[in-house]
Amino acid sequence: MSEELLPIGQDESFQFECTSRTPCFNECCRDLNQYLTPYDILRLKNALGISSSEFLERFTRQHIGPETGLPVITLRPADSPDSVCPFVTPAGCRVYADRPGSCRMYPLARMISRSRETGAITEHYALLREDHCRGFENGYRQTVREWIGAQGLSTYNEMNDLMMDILHHKNRLSPGSSLSLKDRHLFQTACYDIDRFRRNIFEQDLLETAPWNEILPETLKTDDVALLRFGMQWIRRTLFGAP
């Protein structure tokens, strides 16, 4: 299988459609090697109506990133010869409304760079052309910016950039090194197992070291997105000394 990455600007257009009418429908849901971000896990566990702890146990595997030394979560394929996604059906994805960000982004790839002087983030996009994908043969043309809006990617990108900020500070502090078992557990809980993290912050008074003073405890009890933002900023400050 060959693939090609073609740089594309946010206001440049491309033609693409992936529906049950597409000849390769569901093929990209096989031979699975699907990384999950913290926000992916939040959306999926809520879509399935289970806790983050249960989701991690039933549907994922954990690894240590060889370059970052940080815990990495991947989706566990279904028990089948072709390593199919556990959420795919003949009719399509059964968690489509809450599918991972990388599924939403396809056939685009997103990269970011950060200014050392200002900290401002610049987005870069590329069009991924794979020889097995027939989606480019149909559909109407739309710009990258329109695709991002239609796929509901703004919050995914925002939350993913928070994780990239954690990686930035970790690499500055201790590039390539692994965390201690204690710190690895803190990272995994705050970033991936947020229902457990919610219990911990109220049982252990972690709000005493909150990275901002105006955080409202009641918000963290009910708002998963606010809780994840808090957890990632807390990790950035607690483990990696970021201001």
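**Notebook: helix packing, core and sheet**

I started with helix α1 (residues 38-48) and helix α2 (residues 52-59), whose axes come within 9 Å and cross at roughly 95°. Axes here are lines fitted to C-alpha atoms, for helices over the stretch in contact, with angles from 0 to 180 degrees between N-to-C directions. So α1 is roughly perpendicular to α2, a label for angles of 65 to 115 degrees. Helices are DSSP runs of H or I with at least four residues, and strands are runs of E with at least two.

The model is predicted: local features need pLDDT of at least 70, side-chain atom pairs count only at pLDDT 80 or more, and totals for chains, interfaces and linings use all residues. Residues are numbered from 1 along each chain as its sequence is written, and side-chain values use heavy atoms, without hydrogens and water.

I listed the contact residues (heavy atoms within 4.5 Å). Ile41, Leu44, Lys45 and Leu48 of α1 meet Ser52, Phe55, Leu56 and Phe59 of α2.

Next I looked up the core. A nonpolar core is a set of buried Ala, Val, Leu, Ile, Met, Phe, Trp, Tyr and Cys residues joined through side-chain atoms within 4.5 Å; buried means under 20% relative accessible area with a 1.4 Å probe, protein chains only. The largest one has 56 residues, and Phe55, Phe187 and Ile235 touch the most other members. Its largest share, 9 residues, comes from α9.

Last, I checked the open sheet, which has 3 strands in the order β1-β9-β8 with antiparallel pairing. Pairing requires at least two DSSP bridges. β1 (3-8) and β8 (108-114) are at the edges, each with a single partner strand, so one side of each lacks a neighbour in the sheet. β1 and β9 (residues 121-130) pair over 6 bridges. Glu3 has Glu130 as its bridge partner in β9.

Note on methods
Parallel < 35°, antiparallel > 145°, perpendicular 65-115°, else oblique. Buried < 20%, exposed > 50% of the residue type's maximum accessible area, 1.4 Å probe, protein only.
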